[in-house]
Amino acid sequence: MSHELLTSAEMGEADRLTIAAGPTDGVGLMRRAGRAVATEVLSRYPSAAHVHVLCGPGNNGGDGYVVARILAGSGVATTVWTSGPPRPGSDAAVAAAECPIKPRPLSDFDPGPRSIVVDALYGAGLSKPLSGEAARAVNLAAKLHLRVVAVDLPSGISGDSGKVLGTSFSADLTVTFARKKPGHLLLPGRERCGEIVLADIGIVAEIIARLQPRTFENGPALWLRDLPVPAIDAHKYKRGHVGVFSGGPNATGAARLSALAAARSGAGAVTVLSPGNAMQVNAAHLTSIMLRKADEAADIEAFVGERRPSAFVLGPGFGIGEKTRAFALALLASGKPAASTGIDGLVFDADAITSFREAPDVLFEAARRPDAPALVMTPHEGEFARLFADIADDNVSSKLDKARAAAARANAVIVYKGADTVVAAPDGRAAINSNGAAWLATAGSGDVLSGITTGLLAQGMPAFEAACAAVWIHAETGRRFGPGLIAEDLPLAMVPVLRELVAAGGGRCSTALER
Ligand SMILES: NC(=O)C1=CN([C@@H]2O[C@H](COP(=O)(O)OP(=O)(O)OC[C@H]3O[C@@H](n4cnc5c(N)ncnc54)[C@H](OP(=O)(O)O)[C@@H]3O)[C@@H](O)[C@H]2O)[C@@H](O)CC1
Ligand SMILES: [K+]
C-alpha cells in the first residue's frame, strides 16, 4: 500500500529504521534520492541550456549535491548555489564532497532565462519562514518564469501542513521519496508542488507498516474491500433503507438530490420524509423514491419501528432551528440497542450542523452515548467554524489537525469539505482527498455527497470508509464530467465510476445487513 502519508517525524523514523536494518546507510539513501531527481530532470528537460541547483545546509541540500554531480556527469551545464555549507560529518557533507562543482553563494544567484532550477534548499527540515537570499531566489525564479523541480517539497512549504512559511517556490515538478507527505495534498502546498513523482529509494513497505501511519491519501485502496455490492439473494430492504428529511414546500430539492444519490449508490430503498405541507411538491417529483409524512420527532420513531431504515440524512434544505435540533437528537437516540429496530448510521449536513452553533456540546454529548448510531458530519469551512469555533480559529494547526480534533470532540466522522477535503475519524485515522475538481463547486453538490455517504452507510459500510468512498466517488464523477456539471447530473454520472469500482473488486455483500 503506498497511499499512506508520512509526517516529517515519521519519514525521519522510516529513514532511521531503514539505515538500522542495513545494508543501506544514510548517504546511500541520499544518493538514491538525488539520482531519482536527476533522472526526472534529464528525461523531462533533455535540451535544458543550464540547470541551477540550489542547496541548503541540511539533507535536502545533500540530495541537491547528488543531483548536481549526476547532471554534470551527464554533460549538462550545472551551477550549484548554496545557502550554507553542510554540517561537517553529515551525510550532506559527504554528498557535497563527492560533487565536483564548486558551490557559489545563493546571495549571488543569477539564473539566465530558460534555465531550470532544482530546488534543494529545504525539505522536511523547514523550520522557519523563508527569507533573505532564499526569498530572493524564489522571486527571481518566478519573475523569469523558470521551470522549477523541487526536491521532496518546494522550499517554504511545510510537509506536515501544506502551509507556506514566508514564501515558497511554485514547482512544476516535485520528486518526493518513499511516501507522499500531507503537505503535498493540503492546500496551498498541493498547488505549489506541480506534478508529484513518488520515487522508491529502498524504504520498504514493512518499515512503513511498523510506523502504523494514520494518515492516507483518499482512494479505493483505502475502502474498496468495504464497498457494498448486492448478494445474489438480495432484496431491496436487505440493501439498506435510507431516510432523507425534506425541508418545507419551498426547500424540497436538496432532499431529493440526496435521495437520488443514496439510491444510485446502491441503497435498496429510499424514503423522503416530508413535512405535511410539502407532501404534494415532493410527490410531484418522486418516482422510485418513497414518500412519508414526518412533522415531529414522534413520526421518526414510528417510521423507524415500522420500516426499519438503516441510515438517515438530515440537513440539506431542512432549515435552521428547534425542529432540526429535536430531529437530530431523536435520530441520535435511535441507535441500537436502545431501540431494537435502531438505525446504524446518520449523516448531518448543512442546516443540521448550523442548528447547533449556539450549543454544540448538546450535539456532541448525544453523539458520544454508547448506543448512538455512527455519525458523519459534512461541514464546509463556514459550517465547521460554527460548530468548532476554537479549533477553526487556531492558526497554527493544519486542516488535517483540525478535522482530527473535531472528530475526536464530536465522536463523529468529520468530512471537512473544500478543494482539499479531509475525512477524519474519532479513532485518529484521516484521509486527504486529492481527486477533486472545481466543477463540483455548484449548488446542490454537497447534498449529493451527503446522499452517497448515507447510501453507503445504509448498506453497512463502516462510517470512515463510507465517507471516504463517497468523497472520492463524488469528486471522481465531477472530474470526469467536467464543464457544464450541475448537481442533478451527479447521481447518474457516478454510475460508470461505481461500475469500475465494482469491477475492480468492491466489496462486501450488503446481505450482511439482514434486518
Ligand atoms: N528522511 C529520509 O528518509 C530521507 C531524507 N532525505 C532528504 O532529507 C531532507 C530532510 O533533511 P533535514 O532533516 O536535514 O532537513 P532540511 O530540509 O535539509 O533542512 C534542515 C536545515 O535547513 C535549515 N533551515 C530550515 N528552514 C530554514 C529556513 N527557512 N531558512 C534557513 N534555514 C532553514 C535548518 O536550520 P535549523 O532548523 O537547524 O536552524 C537545517 O540546517 C528531506 O527533505 C529529503 O530531501 C533524502 O536524503 C532521502 C532520505
Ligand atoms: K526543496
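Strands β13 (residues 311-314) and β14 run parallel and are joined by 4 bridges, two strands being taken as paired if DSSP finds at least two bridges between them. Helices (H or I, at least four residues) and strands (E, at least two) are DSSP runs numbered from the N terminus. The model is predicted: local features need pLDDT of at least 70 and side-chain atom pairs count only at pLDDT 80 or more, whereas totals for chains, interfaces and linings use all residues. Residues are numbered from 1 along each chain as its sequence is written, and chains are lettered from A and ligands numbered from 1 in the order in which they are written.

Within this pairing, A311 has G345 of β14 as its bridge partner. A residue is buried if 20 or more other C-beta atoms, placed from the backbone, lie within 10 Å of its own, exposed if 12 or fewer, and partly exposed in between.

The shell around ligand 1 comprises 29 residues, of which D15, G58, N59, G123 and G125 come nearest; a residue is near if its C-beta atom, placed from the backbone, lies within 6 Å. Helices α1 (8-21), α2 (26-44) and α3 (59-73) each supply at least two residues of this shell, and α3 gives the most, with 5 residues.

V164 is found in the loop between β5 (147-151) and β6 (173-177). V164 counts as partly exposed because it has 19 C-beta neighbours inside 10 Å.
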